[in-house]
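Student: I would like to learn how to read side-chain packing in a model. Can we go through one together?

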Amino acid sequence: MSSTSSSVLRAEHIWLDGKLVKWDEGSVHVMTHALHYGLGVFEGIRAYKTHDGRLAVFRLREHIRRLLDSAHIIMLHIPFTEDELVEATLDLLRQQKHLFANGAYLRPVAFMGDGAMGLGAVNPTRVAVTAWDWGAYLGDKGIREGIRAKVSSFTRMHVNVNMVRGKITGQYVNSILAKREAVLAGYDEAILLDISGFVAEASGENIFMVNKKGVIKTPPLSSPILDGITRDTVLKLLRDSGRVVDEVTFTRDALYICNEIFFTGTAAEITPVREVDNRQVGEGKPGPIGTFVQDAYFKVVRGQDDRYADWLTYV
């Protein structure tokens with residue numbers, strides 16, 4: 001049985017409410033509203049060591065813009081601008097560059113703080129950015145050889161229940177339940193269907209598949225899925241290479257008989273799926289399309305493809 005949980009590197013500082021503070025001082029009160037009711041938003045961002053030894057954050061502004069959009073959706077006021085949050089993220093890395101010379105995972109988070117309680121409360125927003133050393137979310141072996149996935153008994157929430165354009169903290173309970181179910185059953189990851197039974201996404205990743213005719217498919221943004229920044233990156237890489245990608249719905253049994261499946265996400269990066277519900281996918285190993293995407297993606301984030309240089313913000 002696999003698990004993706006791991007201890008977090010204790011960095012020296014975090015950014016909290018406008019200033020760098022020591023790691024142990026990055027705490028909130030037990031009466032923090034978001035702890036009780038889940039009203040918060042977050043992002044996952046990666047910084048990579050580039051081929052020339054520098055440190056670069058991948059698509060930093062896109063992530064910060066989505067954080068602000070997520071907050072707008074749930075009517076959570078963030079008392080910092082996009083530029084201030086970008087600079088805070090970079091400053092956090094600059095101050096601890098000796099810890100993150102080989103890369104870092106970054107977590108901006110904004111949430112309703114303590115004060116009044118109850119569903120109608122409006123308290124000051126707390127904002128933090130943390131960084132830690134986090135390897136491949138589904139494991140280095142998973143990236144190399146592919147993982148085993150299970151279609152979950154839990155359903156991805158309807159688009160009028162789950163605010164799908166937002167990366168909202170409380171909504172992730174749905175993903176946690178699906179993930180735990182899959183891991184306890186001996187799988188690596190869960191795949192969730194929508195309320196109509198079509199494939200939506202994994203617990204924390206978007207999904208792509210390649211059918212036996214070589215057609216690449218991924219669920220459309222009209223499905224209850226996150227508008228993933230890695231998903232967008234992969235769409236761009238595939239289409240720029242001359243490949244066609246159909247953003248369409250498809251059924252779970254289409255996964256059973258396809259040639260390839262791979263997940264995309266900041267944490268998982270590009271992770272192939274070799275098995276779904278005890279059914280081998282294709283040849284049971286990473287396929288040519290997923291391998292191409294993986295290679296292209298890592299070249300981009302490591303600064304080895306000048307066509308996408310504007311996706312990198314150097315520290």
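**Rings, charges and nonpolar groups**

Tutor: Start with burial. Buried means under 20% relative accessible area, exposed over 50%, and partly exposed in between, with a 1.4 Å probe and protein chains only. Here both Trp-15 and Phe-80 are buried.

Student: What should I know about the model and its numbering?

Tutor: This is a predicted model, where local features need pLDDT of at least 70 and side-chain atom pairs count only at pLDDT 80 or more, while totals for chains, interfaces and linings use all residues. Residues are numbered from 1 along each chain as its sequence is written, and side-chain values use heavy atoms, with hydrogens and water left out.

Student: How many aromatic pairs does a search of the whole structure find?

Tutor: Rings of Phe, Tyr and Trp (its six-membered ring) pair if their centres lie within 6.5 Å; planes under 30 degrees apart are stacked, over 60 edge-to-face, the rest tilted. The search finds 11 aromatic pairs. Take Trp-15 and Phe-80: the ring centres are 5.0 Å apart and the planes are at 65 degrees, so the pair is edge-to-face.

Student: Where do Trp-15 and Phe-80 lie in the chain?

Tutor: Helices (H or I, at least four residues) and strands (E, at least two) are DSSP runs, numbered from the N terminus. Trp-15 is in strand 1 (residues 13-16), and Phe-80 is in the loop between helix 2 (60-73) and helix 3 (82-95). They are 65 residues apart, so this pair links distant parts of the chain.

Student: Why is the pair of Tyr-105 and Trp-134 edge-to-face?

Tutor: Their ring planes are at 90 degrees, with centres 4.7 Å apart, so the pair is classed that way. Tyr-105 and Trp-134 are both buried.

Student: Which charged end sits over the ring of Tyr-314?

Tutor: The rule asks for NZ of Lys or CZ of Arg within 6 Å of the ring centre and within 35 degrees of the ring normal. Over Tyr-314 it is the charged end of Arg-54, 3.8 Å from the ring centre. Arg-279 does likewise over Tyr-256, at 4.0 Å.

Student: Which residues have the most contacts inside the largest nonpolar core?

Tutor: A nonpolar core joins buried Ala, Val, Leu, Ile, Met, Phe, Trp, Tyr and Cys residues through side-chain atoms within 4.5 Å. The largest has 31 residues, and Val-41, Val-57, Ile-78, Leu-85, Leu-93 and Leu-106 have the most contacts inside it. Helix 3 gives the most to this core, with six residues.

Student: Is Val-30 buried or exposed?

Tutor: Val-30 has 56% relative accessibility, so it counts as exposed.
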